[in-house]
Amino acid sequence: MATGEQSTTVSDLDANWLIMVGENCPAQDRSTATAAILLHHIETRKHDTVLGEYWSENLSLYRASAAQIRAAIAHGFAYLNAYGVIELPAAPDTDDLRSVSRQSVESALTNIASQLLGPAIETISKADYGDCAAQHKRALEDLLSRNFEDVLLTDRWYPMEVIELTSHVPTSLGGIPCTAIVLLDAIRTNDNYGSASFRLERHAEFFCGLAEPQYSAFWAAFRFLYENDPFWADSMPSRKFDPAALMPWVSDEFAI
C-alpha cells in the first residue's frame, strides 16, 4: 500500500499474523494473505518450518482459484522450496504452475500459423537464398494441410529452415505466421533449441506492439515456457515491457 511519499512494504508486516489472518478469512482473502506471506519470505529469505505445510493444507483452495492466482502462489512456494527457505511435503506439479494450458496455447498459435497464404508461401520457400525452394514449398503446403500437427525442428529441415529464417524478421511477408510456427515448435520441445528465448531477447519490443490475437497468443507462449521452467530465458532483456505482456492476464478479444 502506498499513499503519497509514504509506503509500507510486505517486509514490514508480521509473518505469523498474516498466516493467522489467512486461516480465518474467506477464500479470496486467504489467497491474498498467502501471497503477502510468500512475498515476505522471498524478500527476507528467513527460514520457516511452518509455511511449507500451508501449501498442502490449502491446496484445494489454491487450485479452485483463478488460474493466474493459483500459478502465482504455486511459483512462490516452489521458489522458496528451491532455495531452502521452506520445505514442502510435495512440490507443486506442472499443472499448478501453469496459468495457461498447453492445448489453449497451441490452438492460438496454430490459428495464426494457418494464415499463411499463397504469396507468403512462395516468398518463405525462397528464404534460404532460393536453395531447394520447391522442396520447402511442398513441405510448407504439407504442414498447412495437416494443420501443423507435428511441427518439430528435429524432424523437419524442410520447411523449418526457411520458417526460422523468415521469423528472424517478423515484419516481413509471412513473418508473423512463421514466428507462430517457431513458438509452436518451442512449446512442443520445451524450447530445447532456444528459438523462443532468442526471439524474445531480439524482438520483445515488437511483440509488445502486436495487435490481437497475435499479442495474447505470443505472450501466452512465452509465459507457458517460463512457467514450465523458471530458469528459461535467463537472458531476458532488461528493457521495460508493457506490464500486461508479462502478467498472466489475457485480452477480452482473444482469451487464451
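**Salt bridges, a loop and a helix pair**

Student: Is Arg156 buried or exposed?
Tutor: Its relative accessibility comes out at 18%. Buried means under 20% relative accessible area, exposed over 50% and partly exposed in between, with a 1.4 Å probe and protein chains only. At 18%, Arg156 therefore counts as buried.

Student: What kind of model is this?
Tutor: Happy to set that out: residues are numbered from 1 along each chain as its sequence is written, and side-chain values use heavy atoms, leaving out hydrogens and water. Local features need pLDDT of at least 70, side-chain atom pairs count only at pLDDT 80 or more, and totals for chains, interfaces and linings use all residues, since this is a predicted model.

Student: Which residue does Arg156 meet in a salt bridge at 3.7 Å, N to O?
Tutor: A salt bridge here is a side-chain nitrogen of Lys or Arg within 4 Å of a carboxyl oxygen of Asp or Glu. For Arg156, the partner at 3.7 Å is Asp150.

Student: Which residues do salt bridges with shared partners join into one network?
Tutor: Asp150 also pairs with Arg146, at 2.9 Å from N to O. Asp150 is partly exposed at 30%, and Arg146 is partly exposed at 22%. The network joins Asp142, Arg146, Glu149, Asp150 and Arg156.

Student: Which residue pairs with Glu122, the closest N and O atoms being 2.5 Å apart?
Tutor: A search of the whole structure finds 12 salt bridges, and Glu122 and Lys137 form one of them. This pair links helix α8 (residues 118-125) with helix α9 (residues 133-145), across 15 residues; helices are DSSP runs (H or I, at least four residues) numbered from the N terminus. Glu122 counts as partly exposed at 32%, as does Lys137 at 25%. The partner of Glu122 is Lys137.

Student: How far apart in space are Thr171 and Phe206, C-alpha to C-alpha?
Tutor: Thr171 sits in the loop between α10 (157-167) and α11 (175-189), and with a relative accessible area of 63% it is exposed. Thr171 and Phe206 are 35 residues apart in sequence, but in space their separation is 9.0 Å.

Student: Which residues of α13 make the contact with α12?
Tutor: The axes of α12 (residues 195-208) and α13 (residues 214-228) come within 12 Å and cross at roughly 145°; they are lines fitted to C-alpha atoms over the stretch in contact, with angles from 0 to 180 degrees between N-to-C directions. Contact means heavy atoms within 4.5 Å. From α12 come Ala196, Leu200, Ala204, Phe207 and Cys208, and from α13 come Tyr215, Phe218, Trp219, Phe222 and Leu225.

Definitions and conventions
Helix = DSSP H or I, 4+ residues; strand = E, 2+ residues; numbered from the N terminus.
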